Amino acid sequence: MNVFIIGATGFVGGHLARHLIAEGHTVTGLARTESAALTLRARGISPVAADLDTRRAGAVEAALRADAVIYAAQADPEHETATVADLTRALTGTGKTLIFLSGSGVLMQRTAGAWSPDTFAEDDPFLPEPLAGSRKAAEDTVLAAVAHGTRAMVVRPGLIWGPGDHGHMSMIYQSVAVVGAAAYIGNGLATYSHVHIDDVTRLFGLALARGRSGGLYHAVAGETPNRWIAERVAQDLGVKARSVTLEEAEQVWGPFGALIMAASSRIRAVAAHRELGWQPQHADMLTMIGDQRLRALATPSP
């Protein structure tokens, strides 16, 4: 299968491209710059010179040449909305596959660092996070394309971890460089369901092979409250773990980072298990404790 990945130079898209190539697929990838094109070629990916702004037409043309399109970019809401609209319109009646990478942030709950008892399977109703309204709308646009002859699906993972990630554990290591302690917000029980990047890429492979048109698939393997992460980071570095207020958290992680670290987002992967037979192989995010890349984040900048 010829698969076009929008976001092939990113964390998820890059891992996904390598996985699909290993499975025998031919992969092309969006390249906004010549540097990005060189990177893709070095990975065995054919670059497409385009972007999601003024050269978006080139991305749509590449989508029409492919058998399947995977949107795995982390674009600003305006460009994402416009790209999804153009892709679904162009793919009308083609029967081609379009898979959109979303995330459990669309249903996160602002708990000020506290635990939430709520957990959501793919078909469960929820109140979307206001800041993720455009992302939820993009999900809906993709799934609505099924009625117009596109084999469309959405993959909605929890917090993705693994080599090179920038998730909660990375952020807690970073907090040591700022406040001298492994920080968490409030009582530290805010929890994101999480999943390893390799399990996410396997889910995409299964969705390509046998996913249901109109399918929405969660990806989750475990849960670890932020305080538990902070306590293990503190133990690793020989520092203390401590609670910070939301105001202090903004000084550590910025306003958006503080929002994420104070929220809970818990999901269940019912459809992914039942329809695709997907089973995660990596369940313990704390196995990354002690990674040298992470430890380096705890060193203050000169």
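## A tour of the buried interior

Select Ile5, Leu20, Ile70, Ile99, Leu203, Phe204 and Trp278: of the 43 residues in the largest nonpolar core, these touch the most other members. A nonpolar core is a set of buried Ala, Val, Leu, Ile, Met, Phe, Trp, Tyr and Cys residues joined through side-chain atoms within 4.5 Å. Buried means under 20% relative accessible area, exposed over 50%, partly exposed in between (1.4 Å probe, protein chains only). This is a predicted model: local features need pLDDT of at least 70, side-chain atom pairs count only at pLDDT 80 or more, and totals for chains, interfaces and linings use all residues. Residues are numbered from 1 along each chain as its sequence is written, and side-chain values use heavy atoms, without hydrogens or water.

Next, colour helix α7 (residues 197–210), which gives the most to this core, with 7 residues. Helices (H or I, at least four residues) and strands (E, at least two) are DSSP runs, numbered from the N terminus.

Now find the second, separate core of 33 residues, which includes Met108, Ala262, Met285 and Ile289.

Move on to the aromatic rings. How many aromatic pairs does the structure hold? There are 2 aromatic pairs. Tyr71 and Phe100 are stacked, 5.2 Å centre to centre with 25° between the planes. Tyr71 lies in strand β4 (residues 68–71) and Phe100 in strand β5 (residues 97–101), 29 residues apart. Phe120 and Phe126 are edge-to-face, at 6.2 Å and 65°. Rings of Phe, Tyr and Trp (its six-membered ring) pair if their centres lie within 6.5 Å; planes under 30 degrees apart count as stacked, over 60 as edge-to-face and the rest as tilted.

Finish at His194, in strand β10 (residues 193–196). His194 is buried, with a relative accessible area of 0%.
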